[in-house]
Amino acid sequence: MTQAVEHEEWADQPLLERESEVHAIQHALDALCGDSVNGSGRRRGGVLVFAAGAGLGKTTLLAEARRRAGERGCTVLSARGGEQEKQVPFHVVRQLIQPAFAAMSEDEHREILGHWYSIVAPAIGLTAPQAGAPDPQGVRDGLDWVATRLSVRSTAVVLVLDDAHWADAESLAWLTAFAARAEELGMLIVVACRPDELPSEAAVLHTLASRHGARPHQLEPLTPSAVARIVRDALGDGADDLFCRECWAITGGNPFEVVELTAKGRDRGLMPQQENIPQLRDLASAVKGSGLIERLEQFGPSTVRLAWAAAVLGTGISTRIAASVAALGEAQISEAIDQLHTARILTVLTTVKRDEVVEFFHPLIASAVYRSIPPGVRVAMHGMAAKAVIDAGLGAGAAARHMLEMHPEGDTWVVQQLRQAARENFSAGAPDAARRYLARALREPPDPEDRAQVLFELGSASLLHEPATTVNHLRAALEEPETEQALREAVIYRLAQALAHTGQLAQASELLAVETRRTTSARAKLRMQAEQFKWNAVRVDEQDSPARSRLLAQFAKRLTGRDLAERHILGMRAWDGAMRGESSATALKFAEQALAGGLSWTDQDFGFEVPVVVAITLMYCDQPGRAEELFNDGIAEFEERGWRGAHLSFAYTLLGYIRYRRGRLAEAEDFVRQGLGIANRVGHDIPAQWYAIGTLIETLIARGQIAEAQAFADSYDVGKDFPNAVVYPDPQAVWGKLLLARGMSEEAERQLAEAGQRLDSRGTRNPAWSPWQLDLALAQAKHHPEKARATAQEAVERARAFGTASVIGHALRVQAATTDPAQAVGLLQEAVEHLEQSPAAYELAHALIDHGTALHALGDLERAAHQLYSGMETATACGAEALATRARCELASAGLRPRRRQVMEQETLSTAESAAARHAALGLDNAAIAAELGTGEDAVSKLLSSVFTKLGTDRVGLRRTLGM
């Protein structure tokens with residue numbers, strides 16, 4: 001890559017009236033190199049911004065920063081935005097990073113990038129884009145990794161970006177987000193920009209620059225005395241004051257114009273005296289604007305064409321390509337370059353690859369030359385540039401920006417190149433650029449038989465990132481008369497996804513229903529019905545949910561799972577059975593069938609929803625270890641493909657939900673907050689955000705952090721409105737649960753009853769899926785005890801119908817809260833027995849403490865102490881400190897001293913056996929214990945078998961043996 005240069009004579013000038021800016025650079029470098037006044041020796045990075053209009057010396061200051069950083073032994077990464085390259089994705093990123101990789105081998109590239117290689121390498125130009133489409137956030141995360149690795153591997157790093165206002169959107173989006181980490185990484189970011197032209201999304205750079213009280217440096221024009229010094233340095237000490245003052249007045253103190261004007265005066269032999277001021281004014285008119293163009297035109301057509309070609313091609317373009325676009329021979333281009341260099345318009349640089357490239361002396365000159373090209377000629381030269389770039393082997397991606405400037409002419413070659421450029425950019429994580437190129441291809445236009453395909457590609461480029469923009473394109477593709485059946489089916493699936501992801505679930509279902517009736521292919525019909533089942537399952541306005549369930553059950557009976565469509569139907573059948581409260585054995589049977597042939601989490605045609613619900617079905621069926629394995633597989637797939645948006649948010653949130661239900665509350669909170677953070681940066685009021693909000697509120701309630709849960713709910717306006725899609729945990733039920741935790745039982749009852757009526761109308765009757773009925777019974781207990789008992793009894797019946805130990809134990813615990821202590825003791829004893837066989841450690845702790853409290857009320861102090869102490873220990877292990885505190889208070893109020901826990905001594909059991917036994921006693925299954933101990937499940941099984949043999953007990957009795 002090349003770096004634009006300032007005019008040599010300007011570069012030799014002293015930095016007049018820029019003392020404070022130079023001091024800021026020096027101070028920032030001192031802090032970066034560990035030379036700060038506190039003497040800590042720790043590198044401290046930051047952001048330094050110089051903002052000013054054109055020609056006020058920003059580039060000179062950045063050159064000074066690079067020089068001083070180099071003298072300090074810093075690694076300097078430099079780039080410059082280009083007016084003609086603003087639409088080239090990652091143009092700035094590649095300038096910054098490619099030189100650091102230039103001398104490395106392919107193996108070194110892979111070593112530095114690690115698992116980010118396939119995601120980031122296309123963006124930074126190390127390899128051609130591969131199949132697949134990382135989302136933009138995934139690429140930005142990967143670039144964070146690259147910059148961090150370079151920072152760790154190198155000496156202090158200084159990243160310099162000139163003309164940030166012309167940086168491409170993809171590079172600027174990454175840099176503005178990454179800059180917040182500059183201080184912690186010990187990296188200095190120095191940016192120069194024209195503030196009036198800086199995109200609004202890049203304003204954060206100014207904010208970051210002022211985090212420690214230092215505002216962005218606004219460069220001012222030079223004073224008359226500084227201009228006089230430049231004049232006398234160039235034209236001699238004899239320059240009189242009036243002449244110098246006129247130079248200042250003509251240029252307005254703009255450093256670039258002052259230097260150019262005095263240089264031209266010196267070339268003309270102009271004496272710097274008052275009588276020559278008229279000539280000075282004539283010279284000034286030739287420095288910029290129309291005067292510059294008039295001067296250029298004096299050199300003849302060949303030289304003008306080269307200047308035009310360079311302006312069209314932009315920065316860092318080889319002289320060979322420039323000559324091709326200008327249609328000049330070797331002798332002509334050599335002469336033209338000499339003339340343009342003498343006139344301080346163009347210069348020639350040599351790249352690290354020993355290629356010669358042409359550069360303008362200053363962006364002001366480049367802009368003026370570009371704007372002077374007659375419109376028709378400019379369009380034609382962009383066409384010639386596109387062809388020359390392709391012929392030079394630089395690819396469609398490099399040529400596409402020129403095609404954007406060409407007039408549409410129905411050229412099939414242009415359409416093909418734009419489609420290829422779109423594929424490259426989509427695969428590199430730049431969907432906005434892909435959409436620009438495909439939209440331009442449509443205007444060309446493509447041949448009629450290709451139009452539907454282009455519309456499909458345009459719609460697909462938006463689906464993962466902006467599904468709302470894809471709907472019209474895909475609908476238009478369906479209306480094309482010459483659409484092959486396979487393409488039509490692909491459009492239907494993609495359009496249904498887009499409609500569903502934008503909340504138009506009814507429209508998605510109707511689209512699939514119409515196409516199901518239309519198609520004659522049995523396999524296509526089955527696939528469309530699978531999609532219809534999927535989107536209807538999350539519609540809150542579905543008119544006849546039971547009818548869908550009956551039809552789904554009929555389908556599933558005759559399917560074997562031979563392809564993804566069948567496995568998706570089987571997965572939906574498992575989920576539907578779990579939601580409706582059929583037996584867990586039935587739900588598990590269909591889940592196993594769906595999993596037998598494999599489910600992909602990143603198949604863009606099928607989506608990730610079915611793998612999610614299959615994993616959640618396993619969780620509700622008391623197999624959280626297997627559910628976690630599936631989510632870990634999903635996370636690995638998402639990260640390998642660079643999908644760092646809503647998909648990854650769902651995975652982390654639901655992994656946290658599993659930990660919540662297992663009673664590992666601190667871990668649950670961590671995972672859910674991670675999922676929420678990802679959802680927040682994707683968008684507001686999206687399903688991924690609602691999933692995380694509800695799960696985090698439930699987790700905070702379980703931890704006893706009610707005030708924090710309420711504050712969090714308020715920050716997202718929970719309770720004011722609820723989403724129009726099925727979300728779990730159900731948001732309204734979660735809101736009712738929070739109201740109940742705050743003691744607002746009447747309002748909680750109203751919210752929970754409304755949620756229950758809505759869910760019951762859909763046939764969603766499983767209290768394992770949504771325990772609204774159990775919370776409603778608790779809300780009714782104080783003011784409506786009879787209703788509470790009836791509600792709890794019905795919930796117990798539903799729980800027994802589903803049949804898992806965790807939901808039965810939970811329901812029995814709540815039923816005990818609605819009856820008298822004598823009956824409650826028996827119910828709680830049974831609840832504890834069920835929960836001891838489940839992975840629901842938090843629910844077990846709750847039941848143990850409730851049981852101990854009931855025993856205390858009946859005067860059975862010894863058993864009460866045992867249960868309370870066991871519940872307290874389990875609650876503490878879960879992270880439910882409020883529940884543990886309640887147990888301590890109950891023990892204290894009864895005057896009970898908890899007996900000493902029976903510790904397994906080293907002579908009885910080995911350390912590994914002891915650890916496995918304690919984890920098993922807390923309700924963890926073998927997979928989770930294996931993860932905790934860092935071993936395999938077979939090893940865990942052997943350890944527990946040894947424990948049971950030595951202690952003469954089994955998994956159910958292990959808790960009592962341990963005194964837990």
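Which residues have the most contacts inside the largest nonpolar core? I looked and got W575, I616, Y620, F631, I697 and Y728, in a core of 135 residues. A nonpolar core here is a set of buried Ala, Val, Leu, Ile, Met, Phe, Trp, Tyr and Cys residues joined through side-chain atoms within 4.5 Å. Buried is under 20% relative accessible area, exposed is over 50%, and partly exposed is in between (1.4 Å probe, protein chains only). Helix α36 (residues 687-702) gives this core its largest share, 10 residues. Helices (H or I, at least four residues) and strands (E, at least two) are DSSP runs, numbered from the N terminus.

Ground rules, for my own use. This is a predicted model, where local features need pLDDT of at least 70 and side-chain atom pairs count only at pLDDT 80 or more, while totals for chains, interfaces and linings use all residues. Residues are numbered from 1 along each chain as its sequence is written, and side-chain values use heavy atoms, with hydrogens and water left out.

**Y620.** I skipped its neighbours within four places in sequence and listed the contacts (heavy atoms within 4.5 Å). Y620 is in contact with W575, Y657, R661, Y728, A768, W769, F802 and T804.

**Aromatics.** I searched the whole structure and found 15 aromatic pairs. Rings of Phe, Tyr and Trp (its six-membered ring) pair if their centres lie within 6.5 Å; planes under 30 degrees apart are stacked, over 60 edge-to-face, and the rest tilted. F608 and F638 have ring centres 6.0 Å apart and planes at 80°, so I logged the pair as edge-to-face. F608 sits in the loop between α31 (584-596) and α32 (609-620), and F638 in helix α33 (residues 624-641), 30 residues apart. Are these two buried or exposed? F608 is buried at 8% relative accessibility, and F638 is buried at 0%. Both belong to one aromatic cluster, which also includes W575, Y620 and Y728.

**R488.** I found R488 in helix α26 (residues 485-501). R488 counts as buried because its relative accessible area is 15%. Not counting residues up to four places away in sequence, R488 touches L478, T483, E515 and R518. I also checked A452: it is 36 residues from R488 in sequence, and the C-alpha to C-alpha distance is 8.7 Å.
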